[in-house]
Amino acid sequence: MPHTIVSQKCEAVAICKDACPVDCIHFSNNRNKKGTNYYIIDFVKCIDCGVCLSVCPVEGAVIPEEREDLQMIK
Ligand code: SF4
Ligand code: SF4
């Protein structure tokens, strides 16, 4: 099952983007309630390796399940 970046928790640190082995994490120009940009995981390309979750410094920003409802699409 793909991982999800919770748009409202992500702070756009981007460590996950650089660490993802299949380059399926993309930047969003939109801002969340924290006032930061955020990143989005492409669920179709994600291979569920868990690297993004292990490198993210923001608690709760990455979760190991597909949650379309928590990830804004733009
Ligand atoms: S999920 Fe974590 S590592 Fe990735 S951009 Fe958001 S805050 Fe940064
Ligand atoms: S689980 Fe792996 S493949 Fe999926 S977004 Fe995270 S780092 Fe990329």
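Select ligand 2 and the residues around it: this shell divides into 11 nonpolar residues, two polar and one charged, where Ala, Val, Leu, Ile, Met, Phe, Trp, Tyr, Cys and Pro count as nonpolar, Asp, Glu, Lys and Arg as charged, and the others, Gly among them, as polar. The model is predicted, so that local features need pLDDT of at least 70 and side-chain atom pairs count only at pLDDT 80 or more, while totals for chains, interfaces and linings use all residues. Residues are numbered from 1 along each chain as its sequence is written, chains are lettered from A and ligands numbered from 1 in the order in which they are written, and side-chain values use heavy atoms, with hydrogens and water left out.

Ligand 2 is surrounded by 14 residues, the closest being C20, C46, C49, G50 and C52; a residue belongs here if one of its heavy atoms lies within 4 Å of the ligand.

Next, select D48, which is found in the loop between β3 (38–41) and α2 (51–55), the helices (H or I, at least four residues) and strands (E, at least two) being DSSP runs numbered from the N terminus. D48 has a positive phi of about 60 degrees although it is not a glycine.

Finish at A14, in the loop between β1 (4–5) and α1 (15–19). Although not a glycine, A14 has a positive phi of about 75 degrees.
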